[in-house]
Amino acid sequence: MIWQKPVQAGTFYPIDWSRMSDKKKIHQLGFWLTIAIFYALLFFHFGVRINPALIFRNQEPVFFTTLRFFHPFAGYAGGLSEYAAAFLSQFFIFRWIGTFVLIALIGGTQALTVYLFSSVTEHKSFRYASFVPAVLLAVMLSHYDFPLATAVGFLVTLNFSGHILRMKNWPFIPLVPILAGMTAFAYYLIAGPYLIFVAISALAIWSARDKSILQKGIMSAVLIVVGFGFPWLLNPALGVMPLDTSYLRWIPRSIPFAWPVVSEMLIGFIILWSVGLFILSQLGKSRISSFARIWTAWPLVLVRALAVIGLAILILTTTLNETAKSRLTIRQYARQRNWDGVLEEIRQHPNVDAISSFHMHRAMYHTGRLGDDMFRYPQNFGIDGLIPLKEDVLFYATEAANFWFEMAHFNEAEHWAHEALTQQGANPWILRRLAEINAIKGNRSMLQSWTTLLDQTLLQRKWADPFKAQLADPTPLKDQPAIKQARAQWIDSDFLIHLNLPEMDFVSLYRRNPENHMAYEYLMAYYLLARQVGWFVNEIEAMRNFPYSRLPMHWEEALLIYMVETKSTDPVFAGFPISVESIQRFNDYQQILTKYGGNRKSAHEELRRKYGGTYWYYLMYSKSNIRMDTGEGVDAFTGATR
Amino acid sequence: MKKHLPISILLIGCATTLFIMKCGPPSASQWTDTNVLPQILPDISDVTIPSNIAPLNFKILESGENYEVRIAGKSGAPIRILTGSRGIQIPERKWKTLLESNFGDTLQIEIYVNSNDSWNRFQPFSLIVAQEPIDSHIVYRQLGPVYMYWNKIKLVERNLTNFDERDLMNNRDHGTMCMHCHAFAAGNPERMMLHIRRGPGTGLLLADNGKLKNIDTKTDFNPPAAMPSFHPDGNRIAFSVNRFKQFFHALGENRDVVDLASDVILYDIPSNTITTTPDLAAPDWLETWPAWSADGKTLYFCRTPQPGKWNLPYSEIMKIRYDLAAVDFDMATGKFGPVRTVLSAEETGMSLSEPRVSPDGRYLLFCMAEYGNFFTFRESSDLYMMDLGNGEFWRADCSSDRAETWHSWSSNSKWIAFSSKRYNGVMTRPHFAYVDENGKTRKAFTLPHEDPEYYEVDVFNYHLPELITGPVPNSESDFVKAAYDLDNQTPVQLDPAVQVPENQTKPPEMWLPGKK
């Protein structure tokens, strides 16, 4: 006899090893060993492979410690689970604490599933099945887009469902209002996922003892009426908007999530499994026991344990989106100004998108390698990878703000920081950037606002300290040394920002401040990418304004092209001679071409192998976008010229 | 003993609380006068307020350990607030009583700050309590920094006599639609309209006898209607139809807008017809910002010669200045008279926009700035008042050195509401100013909030604070349902007399929804 004592619904009994048979002890040990291996694997998976800091980087949920921030969340259904998720997510910036939070959520879901199942059957014999929702939730949480509010919603709905099942045998009169109240409260707390609770509870009521069919029917009706009616009272859009944007708010179907089928499987599993167990529980104890006997037979137990571990390994090996991880890692390194990290990540994962390419160029500039290395790395996006268009940069608005800030283009930095604020909310990185911008612009009132908000964040309030010091200093902001230094880079005459040709801003910035080194390097990089060697050479003399000790390698490559095209023989530009090594390599490049009779297609493979990282190769073979008729060189709207 | 434990704990708790309250910060009995005005946010020093306004809570920006605020008038019980917090919350009931006891008189506010065990008293300032109340509610649009993309937008109704507010529409609940340009017929909350765009619910929502209708204002002649002005009779709405283009500056205020094409049209509600005249929709003119006179017999609007091309260089944009023009309107026949210039840009040297006529018909409030007509982004935009009796105009004293726009009148013509960026140059805040019998405005005050520190951390814009005489009878649900009731959306008819130009070219549109 394995199941000596049916447990009271929803009750966990402490394990009493002394009264267990050896067989059961082995069963228990096997179960806990499976748990240990499963969670160890998950811990490794989330901590090492997924990295919660990257989940945070992708989603950047906003959280402030004030009641003012809390109030709006309390004002709509599901707001509180969003608030809880926003709070928990803050800890994701610490990789291992974030991992612990994720494991706790998965473990909590599993524990509550066991609780729920044992409440349905009054047996805790089917606990291996609780690994299934744990696995499904782990899969979902492995996705960098998955919103934590949904996981919190699942947790709450399982908890509520377990409690309802525990109370199902309470007297009819108090139970009815309690059911109604809990249903309404569940919707208020978690919105969409409460439907699972309604379904399970309406079902469980029918297994209640000492209640007539009529009473059970009334209780089910109350659940359904309140469960489906309450949202009508709260949600102004209900019945007007499509279901997925109103009724099922925060059910995973309604959220931008790449694997909706997994979340449907999770919901479906919990409900169907509960239904199955409920049917079993109606069959009578002897039949359940006989089913349990088969279910807990040795070979099946072993198979289940191995299956659980196998599933965990499957998660480890299949759920990580390497491309997404790589792109987020690049963005994370760029935020940390770990420029070597950015370039190393791109070297290892060269399949970059335009935003990664954008960070790649930033990294090269900041490490002084833009003129030497930009064609040694993937250039699949041309100018779009140097400075993406506004449509492409919208969801990376914070990064755009950072980029323009580095280039001392403070108005455009403020523009994109405000776009980021609108789209992503007031996360600490945006707040810090806005504080810096307003300090430079001398806007004390806005600096005060951003500083106060920064001071109300959970984990980044120390970032407010330097701004508090600036505000406390009676010296006008523009005269404070650090701010004065930043302002020295700023332009002193206006121009209209070139929204559709952002590269034109390099021109406008550089024309107004010939000491803006970043604008100059980006301008030169833009000319190279745009294949405009003539424009490039026109600006080469300005090298003298900056501390160059030699001609950067790609610049030499472009200058050699120019010399060939103009039949020039003087290899000295801005006082720097083209290196002998570059001249030899160029000669070799031309000889290879000659060897193939000038046939570019035939010479391609050899040139790619020997000179794939040169400007010559880019000019000859790259099909990357140059965005406009570069012959015009004028933004038609502003009238600005090169 | 166990039985009495909870009661004992409760009693001890109460006693402790009373003790703490009793032993709060000591009141200022001796102090040193600083003879300077205290720094407070929002600035309420020497403002004129209506007798029915909610408490003007504020934050003291002076540093100290304890703060005392005393508010007193010639009659009524004074208010004394002693606190360790910089945020000053004025008790609502005492405030109401004090205001009611001092109609037409002044209240004096004294602020004491305790620092290092000594009290400093700042220079007292006054609040002037006007005889005339302000309309009880405003409706404004709350949204984040206005750039190329929007996300969260809501239309909020706020009760000015207390701190109650509610969302008339909140796009959190129904997608990321944009909503803009709400208007009321003579401040009547039952007769309102609102534009919805960029979503399945795109259209004009019109409140008609308590019900909301969704109307498609687009015709072969015009794109969807934009800036509205309700005729005082509530049966017509004059609209502008515009093609705005947004652009950005590298220095100073970075946002700017140019209107590339615009006309004024008239929507006749009973006949569901859009019409216009050659004077209101002249091909060689840009007409915008229509505004009815109080008697409904004159339609004011702004206009400037059509620059003639979409891609204007900035040097040309800077030259665009709008005149104030008007046409007479025959309410019986629905016919317009010839256009006349009321105030020319040549005369003022500036550009003019957003005319609004006072309900008593005496004054016309408008904005002027150095160029263009979309002045929320023009720091130089100030409010100006024109005496319609003699045509004289002057800069309203309630203006600041930053942008003032989006104004409206109280139904008694004694108060104006407007958006101002005076605090930080970036975010608009609703402000209110008293208008005296000579049309002069007094120093404005900011919309009060229960949270005294609200404006320090609030990073929203408040557009179009429209004063209304009571709450809007419709719920948010009514608005959302009307917005999405596309099966019953009513397309307007175009007056057959209006000629549709052939081969109309359209400039590019700029603002886009930004939801991921």
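In chain B, four strands line up as an open sheet in the order β31-β32-β33-β34, with antiparallel pairing; strands here are DSSP runs of E of at least two residues, helices are runs of H or I of at least four, and both are numbered from the N terminus. Two strands count as paired if DSSP finds at least two bridges between them. The edges of the sheet are β31 (404-409) and β34 (445-446) of chain B, each pairing on one side only. Further in, β32 (residues 415-420) and β33 (residues 429-434) of chain B run antiparallel over 6 bridges, and B:I416 sits opposite B:A433 in β33(B).

The model is a predicted one, with local features needing pLDDT of at least 70 and side-chain atom pairs counted only at pLDDT 80 or more, while totals for chains, interfaces and linings use all residues. Residues are numbered from 1 along each chain as its sequence is written, and chains are lettered from A and ligands numbered from 1 in the order in which they are written.

As for how the chains meet, 36 residues of chain B are in contact with 41 residues of chain A, contact being C-beta atoms, placed from the backbone, within 7 Å. On the chain B side, α6(B) brings the largest share, 5 residues. That side has 17 nonpolar, 13 polar and 6 charged residues; Ala, Val, Leu, Ile, Met, Phe, Trp, Tyr, Cys and Pro count as nonpolar, Asp, Glu, Lys and Arg as charged, and the others, Gly among them, as polar.

Chain B itself is assigned domain 1 (35-129) and domain 2 (137-494), with bounds from an automatic or database domain assignment. Their centres, taken over C-alpha atoms, are 34 Å apart. Domain 1 puts 20 residues into the contact and domain 2 puts in 18. For domain 1, the largest share comes from β3(B), with 3 residues.

Key: Contact = placed C-beta atoms within 7 Å.
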